[in-house]
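Have a look at the model first, then read on.

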Amino acid sequence: MTMLTAIDPTTGRVVREVPAATPAEITALIDRSRTAYTSWKETTLAERAEVLRRVAAHLREHTDELAPLMTEEMGKPIGEARGEVAKAAWAAEHYAENGAEYLADEHLDSDATSSYVQYLPLGPVLGILPWNAPFWVAFRFCAPALMAGNTCVMKHDPHVPGCAAALEEVFRAAGAPEGVFQTLLAVTEDVEQAIRDPRIQAVSFTGSDRAGAQVASIAASEIKPAVLELGGSDPCIVLADADLPKAAEVSALSRIINAGQSCIAAKRVIVERSVHDEFVELLTAQLRDLVVGDPRDEATKVGPIARKELRENLHRQVSTSVEAGATCVLGGEMPEGDGFFYPVTLLTGVEPGMTACAEETFGPIAVVIAADDAEHALALANDTPYGLGAAIWTETERGVSMARRIEAGQVSVNGIVKSDPRLPSGGIKRSGYGRELGPHGIREFTNAQQIWVGPVRS
């Protein structure tokens, strides 16, 4: 029997082992999803909204039971974990309140007496999700899909089986119809079976660009739509006219949330040379005092890296960048002791082509790159195969103008890049395609059906 194993990154010890679904069990689970869809698609938007509200209420009422699962299985600081449960509830509430408006018929003028587009569900949708935000990414996927009338099969990362099982239990406890939302506890190798199952009508994937390419290829071979939210090497441009203390504060926060294990973290801070040294001093002060430690401790701001091999790769990225000429201002040394901790690290003098600039870094590593001026900063920002998020710190009108020239799916001017149920998010280039959240996200997994009603207008 194949097992899914969860390891507490604070201690390095196994905390949970769960049997993986067999091929026959995968088939049976998808069959239940299809059966549930036949009735769920006939429910009214108001009925779907009521289910989502009950689910959100259960999340909020049981935060103190659910949040520690993330702390245990992937090392999220407990304060952040509570916030993530609340944000998952917010996503459910948002689509309960706004789904009907987002899915309203869209009337378009034509030669018909009446012509319009109506947004209809597709069927069972498969979500293939990562470990770094187990509750948020689940609801980013399922809240809009369910509100649109689809059913959801969630294949979570094999390293967070406790979180995955708890998510299905949330729906069950909230009284959701049987089979509407199900957790598929499967090994990665068996995901292809689920993608190819003819009853699965669409796929949502969040993860690395390498794995995303494989998922997209399989889905395309079955002619199934997919939404991909992949890796990022997000630039954060800081120009000379920026509010430097605020830019340093927000850049530090963006870089160390979830111990830096976030796709939309500020991974490359590109600073205009005339204010480079001043900004580095401000950023150093922000990073130096961050508490790294046990994520169960309320004072901890930076927990461990989720897995041993991820920490080893992170250290390789730092070491090779220093060997190539970067300066390590803070951190950069592999700690001893239990768990997979890594110190908050600041690299300056980073140049294009260095590992910490060329690769996605998934950890508490701030990378500062000097730019001659705004044009040079833009060129550096776009010099990446990724295009997920970006930030610009400068005078507002100038920042809004520059945003049009940034190659990214979302740009924040004088603020942090974040996901928000009200706004679409997603990437371009190797960061993926399609959009999640907002009105755009709920329409991704619908049939935009055109209706033409005659006779022809004279």
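1. A word on the domain bounds before anything else: they come from an automatic or database domain assignment. On that basis the chain splits into domain 1, covering 3-230 + 430-453, and domain 2, covering 235-421. Bear in mind that this is a predicted model.

2. How far apart are the centres of domain 1 and domain 2? Taken over C-alpha atoms, 30 Å separate them. As for who touches whom, 32 residues of domain 1 are in contact with 33 residues of domain 2.

3. On area, the two domains bury about 2600 Å² between them, and 54% of that is on carbon and sulfur atoms. Within domain 1, the residues that lose the most area to domain 2 are P9, T10 and W131, which together make up 21% of what that side buries.

4. Now the polar side of things. Between domain 1 and domain 2 there are 16 residue pairs in polar contact, counting pairs with both residues at pLDDT 80 or more. The rule also finds two salt bridges across this interface.

5. Which elements supply the side of domain 1 that touches domain 2? β1 (3-8), α3 (63-74) and α4 (78-102) each give at least two residues. The largest share comes from α4, with eight residues. By type, the residues on that side divide into 12 nonpolar, 10 polar and 10 charged.

Key:
Residues numbered from 1 in each chain as written. Predicted model: local features only at pLDDT ≥ 70, side-chain atom pairs only at ≥ 80, totals over all residues. Heavy atoms only, no water. Contact = heavy atoms within 4.5 Å. Buried area = accessible area lost by both parts, 1.4 Å probe. Salt bridge = Lys/Arg side-chain N within 4 Å of Asp/Glu carboxyl O. Polar contact = N/O pair within 3.5 Å; in protein donor to acceptor, adjacent residues only side chain to side chain. Helix = DSSP H or I, 4+ residues; strand = E, 2+ residues; numbered from the N terminus. Nonpolar A, V, L, I, M, F, W, Y, C, P; charged D, E, K, R; others polar.
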